[in-house]
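Colleague: I would like a close look at one loop in this model and at the parts of the chain that can be described from there. Please take your time and define your terms as you go.

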Amino acid sequence: MDDPVAGAGPPPVPELPVRSGAMRRAEALARRVAGSRATVLLLGETGSGKEVMARRIHRWSPRRTGPFVAVNCAALPEALLESELFGHRRGAFTGAHRDHPGLFAAAHGGTLLLDEVGEMAPALQARLLRSLEEGAVRPVGGIAARPVDVRVIAATHRDLVSEVEAGRFRRDLYYRLAVFPIRIPPLRERREDLPALAAALLARHATREGRPPPALREEALDLLLAHRWPGNVRELDNEMCRALALAEPGEPVGPEHLSEALRGAGLPPPGTACAPTLREELERIEAVLIRRALRAHGGRRAATARALGLSREGLWKKLRRLGLEPDQASPRARGSLPRETAT
């Protein structure tokens with residue numbers, strides 16, 4: 001998120017299509033825990049949608065009418081983050097000209113998202129642990145603690161177990177936060193979501209610009225499927241915003257509207273964080289080849305299966321596993337948007 005602190009009040013929750021089994025399972029867990037008071041720990045790479053999931057948990061919870069407050073723990077220095085979270089009394093430090101209630105108080109009756117909690121300094125981790133255990137916060141420069149009724153959701157891209165073993169994150173705080181961990185899969189592990197996600201994001205940006213949503217040409221969609229998406233959904237969102245800006249009104253988005261990173265469709269150097277496994281790379285290539293074969297044969301499964309040297313049943317299993325239904329590959333379906341999957 002751009003702002004280190006996102007304001008209170010029930011925020012709009014992006015409604016993006018979900019087709020992949022991995023994301024459906026994450027949403028099913030989120031729906032199940034939403035009604036409880038359990039602390040949730042969202043784990044996932046940067047840009048994978050942790051804050052979106054946190055907002056959905058808030059929306060699905062009994063606290064939905066209360067405030068949702070988010071703070072990026074990596075965006076603020078330790079002293080300022082302490083004041084933002086717990087508040088301060090007037091005169092507590094230079095520049096404290098008036099009392100400040102803090103974000104725990106602002107989220108009273110609602111939900112507080114501690115984004116990138118793995119970046120929090122050790123001394124602040126101890127204060128956070130005490131507040132979570134006591135259900136109360138003591139402002140900087142204050143004496144008395146103030147009770148707060150807040151549901152905490154923490155999020156991080158770090159491996160907190162490794163951080164605990166390395167002594168950079170408190171073990172007791174980890175177990176206090178990881179009551180109900182949910183892993184948000186990266187985009188490269190849920191390519192089934194890509195066609196509908198890309199179309200939905202294009203439509204969202206087009207609506208903001210007062211333009212009709214453009215179609216995605218098949219060649220462009222092939223490049224989206226071939227990309228590794230190290231920046232996850234955030235990168236895809238930026239790519240669709242850029243493509244819309246380059247395309248003329250009414251013009252379908254094609255390869256020429258995509259960035260060089262996508263047109264090159266290159267792989268990251270071996271050993272990098274996003275280097276593909278053999279299985280991931282084979283599935284990526286398989287998805288592109290099957291889509292092309294389906295288009296070449298007008299979406300006819302029997303002809304497509306013969307061309308690929310597969311049985312009809314074998315092709316159908318691959319379509320289901322890869323999240324590629326025949327109508328997704330036909331020109332008729334380029335502008336269609338499946339509804340968000342209910343879990």
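Between which strand and which helix is the loop in which Glu-189 lies?

Modeller: This is a predicted model, in which local features need pLDDT of at least 70 and side-chain atom pairs count only at pLDDT 80 or more, while totals for chains, interfaces and linings use all residues. Residues are numbered from 1 along each chain as its sequence is written, and side-chain values use heavy atoms, with hydrogens and water left out.

Glu-189 lies in the loop between strand S8 (180-183) and H8, where helices (H or I, at least four residues) and strands (E, at least two) are DSSP runs numbered from the N terminus. With a relative accessible area of 33%, Glu-189 is partly exposed; buried means under 20% relative accessible area, exposed over 50%, and partly exposed in between, using a 1.4 Å probe and protein chains only. Although Glu-189 and Ser-20 are 169 residues apart along the chain, their C-alpha atoms are separated by 8.6 Å.

The axes of helix H8 (residues 194-208) and helix H10 (residues 232-246) come within 9 Å and cross at roughly 55°. That angle makes H8 oblique to H10, since angles under 35 degrees count as roughly parallel, over 145 as roughly antiparallel, 65 to 115 as roughly perpendicular and the rest as oblique. The axes are lines fitted to C-alpha atoms, for helices over the stretch in contact, and the angles run from 0 to 180 degrees between N-to-C directions. H8 and H10 cross in the right-handed sense; a crossing is right-handed if the near helix is turned clockwise from the far one by less than a right angle, and left-handed if anticlockwise. On the H8 side the residues that meet H10 include Leu-194, Leu-197, Ala-198, Leu-201 and His-205, and among their counterparts in H10 are Leu-236, Met-240, Cys-241 and Leu-244; contact here means heavy atoms within 4.5 Å.

A search of the whole structure finds 0 disulfides, a disulfide being a pair of cysteine sulfur atoms within 2.5 Å.

Two backbone values deserve a look around H10. Most residues other than glycine have a negative phi, and most peptide bonds are trans. Trp-229, however, has a positive phi of about 55° although it is not a glycine, and Trp-229 is placed in the loop between helix H9 (218-226) and H10, buried at a relative accessible area of 0%. Asn-232, in helix H10, likewise has a positive phi, near 60°, and Asn-232 is also buried, at 0% relative accessibility.

Helix H1 (residues 21-34) and H2 pack at an angle of about 40°, with their axes 8 Å apart. That makes H1 oblique to H2, and H1 passes H2 in a right-handed crossing. Ala-26, Glu-27, Ala-30 and Arg-31 are among the H1 residues that meet H2, where the partners include Met-53, Ile-57 and Trp-60. Helix H2 (residues 50-60) also holds His-58, which is buried with a relative accessible area of 3%; leaving aside its neighbours within four places in sequence, His-58 is in contact with residues including Arg-63, Phe-68 and Thr-111.

Thr-111 falls in strand S4 (residues 111-115), which runs parallel to S7 and is joined to S7 by 5 bridges, with Leu-112 opposite Val-152. Strand S2 (residues 40-43) and S7 also pair in the parallel sense, over 4 bridges, and Leu-43 has Thr-156 as its bridge partner; strands pair if DSSP finds at least two bridges between them. In strand S7 (residues 151-156), 6 of the 6 residues are buried, so S7 is largely enclosed by the rest of the structure.

Taking the chain as a whole, there are 14 helices and 8 strands, and 49% of the 343 residues count as buried.
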